[in-house]
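The tour goes from one selection to the next.

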Amino acid sequence: MSVRDWRVMLVPWADRRLWFIQARRGRRVVWGVVYDAADPDSVALARRAIATLRSAGADCSALPAVLPGSPGAPGA
């Protein structure tokens, strides 16, 4: 299974405070992690995970330009 076949997306969870970053291959979730938009350390780890997936070749085109909880994000 190649990471290049993965499509990465963001799913809101728990009143948009928690977010689920999921990677799908077809309809199946093959990798995922939850981050807390109210915790700067959690947001930093989420950004690092996405950067790693992107550099490995995963399709991250469905992700917003700025993650919720990041400086400059809507509602921040």
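This is a predicted model. Begin with D5, which is partly exposed at a relative accessible area of 41%.

Next, select R7 and D59. Their side chains form a salt bridge as well, at 3.1 Å from N to O. This pair links distant parts of the chain, since R7 belongs to strand β1 and D59 to the segment after α2, 52 residues away. D59 is partly exposed at 30% relative accessibility, and R7 is partly exposed at 36%.

Move on to R17 and D36, whose closest N and O atoms are 2.7 Å apart in a salt bridge. R17 is in helix α1 (residues 14-17) and D36 in strand β3 (residues 28-36), so the pair ties together parts that are 19 residues apart in sequence. Is each partner buried or exposed? D36 counts as buried because its relative accessibility is 15%, under the 20% limit, while R17, at 46%, counts as partly exposed. A search of the whole structure finds three salt bridges.

Now turn to the largest nonpolar core, which has 16 residues; V8, L10, I21, Y35, A58, L63 and L67 touch the most other members. At least two residues each come from β1 (7-13), β2 (18-25) and α2 (40-55). The largest share, four residues, is from α2.

Finish on V8. Beyond its neighbours within four places in sequence, V8 has contacts that include I21, L53, A58, D59 and L63.

How values were computed: Residues numbered from 1 in each chain as written. Predicted model: local features only at pLDDT ≥ 70, side-chain atom pairs only at ≥ 80, totals over all residues. Heavy atoms only, no water. Core = buried A, V, L, I, M, F, W, Y, C linked by side-chain atoms within 4.5 Å. Buried < 20%, exposed > 50% of the residue type's maximum accessible area, 1.4 Å probe, protein only. Contact = heavy atoms within 4.5 Å. Salt bridge = Lys/Arg side-chain N within 4 Å of Asp/Glu carboxyl O.
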